[in-house]
Amino acid sequence: MASNRIGRINEEIQRELSALIRTLKDPRVSATGMVSITRVDTTGDLRYSRIYVSALNKDQEKDVIRGLKSASGYLRRELGAALRLRYTPELQFIADDSIQYGAHILGLIHDANRKNETTPETEE
């Protein structure tokens, strides 16, 4: 039952942070285009949250993480006001490459399908 609560808190943190990131004025975050939060993992005691972030432009992903880390105090304060939890978790931003990895796997599948279509099969 506690994991269900943590899951709901993770979803709420993800929703609130997604809205808050759009309000940041840091050029490292706002000038890079699209920044999305792919996953949130919060510890059971609500002290720490790992925020997995993916940027559209992979070249600027490190700058985005630095910008989010520098704005973490503001984000944590706004998150605390919105969520009304006993403890507002400390935010740890981590670059997430799962979207890029999924696109790579999808490309491999498409290449394999194209090979099978172009290779004539021998019938016995």
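Buried, in my notes, means under 20% relative accessible area, exposed means over 50%, and partly exposed is what lies in between, with a 1.4 Å probe and protein chains only.

**Ground rules**

I'm working from a predicted model, so I noted its limits: local features need pLDDT of at least 70, side-chain atom pairs count only at pLDDT 80 or more, and totals for chains, interfaces and linings use all residues. Residues are numbered from 1 along each chain as its sequence is written, and side-chain values use heavy atoms, with hydrogens and water left out.

**Entry 1: Ser49**

I began with Ser49, which sits in strand β2. Helices (H or I, at least four residues) and strands (E, at least two) are DSSP runs here, numbered from the N terminus. Ser49 counts as buried because its relative accessibility is 0%. What does its side chain pair with? I found a polar contact of 2.9 Å between the side chains of Ser49 and Thr42. A polar contact is a pair of N or O atoms within 3.5 Å; within protein, one must be able to donate a hydrogen and the other to accept it, and residues adjacent in sequence count only if both atoms are side-chain atoms.

Then I listed contacts, meaning heavy atoms within 4.5 Å. Skipping neighbours within four places in sequence, Ser49 touches Ile13, Val40, Asp41, Thr42, Pro89, Glu90, Leu91 and Gln92.

**Entry 2: the core**

Next I looked up the largest nonpolar core, which has 24 residues. Such a core is a set of buried Ala, Val, Leu, Ile, Met, Phe, Trp, Tyr and Cys residues joined through side-chain atoms within 4.5 Å. Which members touch the most others? They are Ile13, Leu17, Ile51, Val53, Leu68, Leu75 and Phe93. At least two core residues come from each of α1 (2-21), β1 (35-42), β2 (48-55), α3 (61-70), α4 (72-83) and β3 (90-95). Helix α1 gives the largest share, six residues. In soluble globular proteins, nonpolar side chains tend to be buried together.

Leu17 lies in helix α1 and is buried, since its relative accessibility is 0%. Beyond four places in sequence, Leu17 contacts Ile37, Ile51, Leu75, Leu79 and Leu91. I also checked Leu17 against Gly73: they are 56 residues apart along the chain, and 12 Å separates their C-alpha atoms.

**Entry 3: salt bridges**

How many salt bridges are there? I count six, taking a salt bridge as a side-chain nitrogen of Lys or Arg within 4 Å of a carboxyl oxygen of Asp or Glu. I wrote up three of them.

- Asp26 and Arg28 are bridged at 2.9 Å, N to O. Asp26 is buried at 16% relative accessibility, while Arg28 is partly exposed at 33%.
- Asp41 and Arg39 have their closest N and O atoms 3.3 Å apart. Asp41 is partly exposed, with a relative accessible area of 33%, and Arg39 is partly exposed too, at 41%.
- Asp111 and Arg114 also form a salt bridge, with closest N and O atoms 3.3 Å apart. These two are about one helical turn apart because they are three residues apart in helix α5. Asp111 is partly exposed at 39%, whereas Arg114 is exposed at 51%.

**Entry 4: a surface patch**

Tyr101, Ile105, Leu108 and Ile109 make up a nonpolar surface patch, with about 380 Å² of accessible area together. Patch members have over 30% relative accessible area and no salt bridge; like charges are joined within 9 Å, nonpolar side chains (Val, Leu, Ile, Met, Phe, Trp, Tyr) within 5 Å. The areas come from the Shrake-Rupley method with a 1.4 Å probe, and for residues only the protein chains shown count as cover. I looked up Leu108, which belongs to helix α5 (residues 98-118) and is partly exposed at 44% relative accessible area.

**Entry 5: positive phi**

Most residues other than glycine have a negative phi, and most peptide bonds are trans. I noted Leu46, with a positive phi of about 60 degrees although it is not a glycine. Leu46 sits in the loop between β1 and β2 and is buried at 7%. Arg84 has a positive phi of about 55 degrees, and it isn't a glycine either. Is Arg84 buried or exposed? Arg84 lies in the loop between α4 and β3 and is exposed, at 74% relative accessibility.
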